Amino acid sequence: MSSIHITKKAWTKMSKIIGYTKNQYGFLYSASSGGCNGFNFKLDLLDNKTYLEISHQKYLTVLKERDATVYVDPVSEMFLLGTTIDYITQDYSNGEFESRFNFIINKDTMTGCGCGISFTPKY
């Protein structure tokens, strides 16, 4: 069991994206340097080259539900532990003006910025 969680709404959206794009690999969840708080969350569709680079790794975390698959970048995984991937649908009455994936941090292990895109691990 992984300590990276994905909500039902996020799985549903990922499944729709995979179906629409006919992507056969799934998504890569990773962290990259940058942003206003140190690291950025990244959730990208996998291409063939990246899939071939990571799929053979011995300790690769793979999360799967129905026809959607999320591979957790092994280099980023220690920074992403405890996070939740959610999907927020546009709702003007609640102040949501765009539909997007939302990354929820574990406040015991990291701090986040106001935009919800970047974070800093607590050491």
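Leu-81 is partly exposed, its relative accessible area being 36%. The model is predicted, and the values below are computed from it. Leu-81 sits in the loop that runs between α3 (77-80) and β6.

The aromatic rings are the second topic. The structure holds seven aromatic pairs. Among them are the two in this table.

| Pair | Centre to centre | Angle between planes | Class |
|---|---|---|---|
| Phe-41 and Phe-103 | 4.9 Å | 10° | stacked |
| Tyr-87 and Phe-101 | 5.1 Å | 70° | edge-to-face |

The planes of Phe-41 and Phe-103 stand at 10°, so this pair is stacked; the cut-off for that class is under 30 degrees. Phe-41 belongs to strand β3 (residues 39-45) and Phe-103 to strand β7 (residues 100-104), so the pair ties together parts that are 62 residues apart in sequence. Phe-41 and Phe-103 are both buried.

The pair of Tyr-87 and Phe-101 is edge-to-face, with 70° between the planes. Tyr-87 lies in strand β6 (residues 84-88) and Phe-101 in strand β7; they are 14 residues apart, and the pair links distant parts of the chain. Tyr-87 and Phe-101 are each buried.

One aromatic cluster is formed by Tyr-25, Tyr-51 and Tyr-71.

Note on methods
Residues numbered from 1 in each chain as written. Predicted model: local features only at pLDDT ≥ 70, side-chain atom pairs only at ≥ 80, totals over all residues. Heavy atoms only, no water. Phe/Tyr/Trp six-rings, centres within 6.5 Å; stacked < 30°, edge-to-face > 60°. Helix = DSSP H or I, 4+ residues; strand = E, 2+ residues; numbered from the N terminus. Buried < 20%, exposed > 50% of the residue type's maximum accessible area, 1.4 Å probe, protein only.
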